[in-house]
Amino acid sequence: MTGNERRATIVSMLEARGRVSVAELSRLSKVSDMTIRRDLEALEREGVLRRTRGGAVSAISLSYEPPYIIRKDSNALTKSRIAERASEMLNEGETAILDVGTTAVAIAKALQGRVNLTVLTSNLWAAAILADEPGIVLMVTGGATRARERSLVGSLATRAFGELVFDVFFLGVAGVHPEFGVTDYNMEEAEVKREAIRAAQRRIVVADSSKLGKVAFAKICGLDQIDMIITDNQAPEEIAALKSEGIDMVLV
């Protein structure tokens, strides 16, 4: 288990139980107590937890955004399947907005080798993947870069959507909830996403099932502004609840 995988496991356990112990984490990860303490120190600096005697307790709020370096390794295979299905929904000659986040990066990889597509993104990770693709016209929004996330936000980013209309927007989210709708961790990113929604004819949420039934700090939109959700089948109750709201659910 790598360091990123250990820290992702710690975050998952904190979300489920609110408390973890060094001894248990050391046993599960098959590493020394000292290694686990270093992991806890790193996560404390990120604001994920507060260390206690022999372990740690959760410090996660609705505005807490797990570090990109942890998110990129979480549910990676599932994100790849979601990305492949999303790429299949984009036909030759169409135009697409590709959101920020790790699932959008997976979609960028799935689009490699495609031809006659136009893609606009505020995701610098995704832009780096598509920049040299001869069959794709890549457009990048302006804006200020969020440290470590490599997403572009601010007035220059939102302005990019004002005079263009795209076929589809692949929307990454922190949570999708029947009552609270579609939410994100960061207010600035949520603002960019709202402008992208207004500029797209089809709005498709791409999210693994860990995001279903969850609520984050910044509201993006209501479910009535979403045409489809592409996800996996590991949260049947949440999937059923969203289906009852009239959302088209595509399971991979």
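Reader: What should I know before we start?
Author: The model is predicted, so local features need pLDDT of at least 70, side-chain atom pairs count only at pLDDT 80 or more, and totals for chains, interfaces and linings use all residues. Residues are numbered from 1 along each chain as its sequence is written, and side-chain values use heavy atoms, with hydrogens and water left out.

Reader: Why does histidine 177 count as buried?
Author: Buried means under 20% relative accessible area, exposed means over 50%, and partly exposed lies in between (1.4 Å probe, protein chains only). Histidine 177 has 17% relative accessibility, so it counts as buried.

Reader: Where does histidine 177 lie, and which residues does it touch?
Author: Histidine 177 lies in strand S10, residues 175-177. Strands (E, at least two residues) and helices (H or I, at least four) are DSSP runs, numbered from the N terminus. Contact means heavy atoms within 4.5 Å. Leaving out residues up to four places away in sequence, histidine 177 touches Gly213, Lys214, Val215, Leu223 and Leu242.

Reader: Is threonine 141 buried or exposed, and how do you know?
Author: Its relative accessible area is 4%, so threonine 141 is buried. Its place is in the loop between strand S6 (136-140) and strand S7 (144-145). Residues it touches include Leu120, Thr121, Leu152 and Phe161.

Reader: Why is lysine 30 called exposed?
Author: Lysine 30 has 77% relative accessibility, so it counts as exposed. Lysine 30 is in the loop between helix H2 (22-29) and helix H3 (33-45). Its phi is positive, about 60°, although it is not a glycine.

Reader: What makes the charged end of arginine 150 sit over the ring of tryptophan 125?
Author: A charge sits over a ring if NZ of Lys or CZ of Arg is within 6 Å of the ring centre and within 35 degrees of the ring normal. The charged end of arginine 150 is 4.1 Å from the centre of the tryptophan 125 ring, and sits over it.

Reader: How do you know that the span of helix H9 agrees with its number of residues?
Author: The expected span is 1.5 Å times one less than the number of residues. H9 (residues 187-198) has 12 residues, so it should span 16 Å, and its end C-alpha atoms are 17 Å apart, which agrees.

Reader: Which residues of H9 are buried, and why do they line one face?
Author: Glu189, Ala190, Val192, Lys193, Ala196 and Ile197 are buried. Seen down the axis of H9, they fall within an arc of 160° (taken from the directions from the helix axis to the C-beta atoms), so they line one face. The face turned away from that buried side carries the exposed residues Met187 and Arg198.
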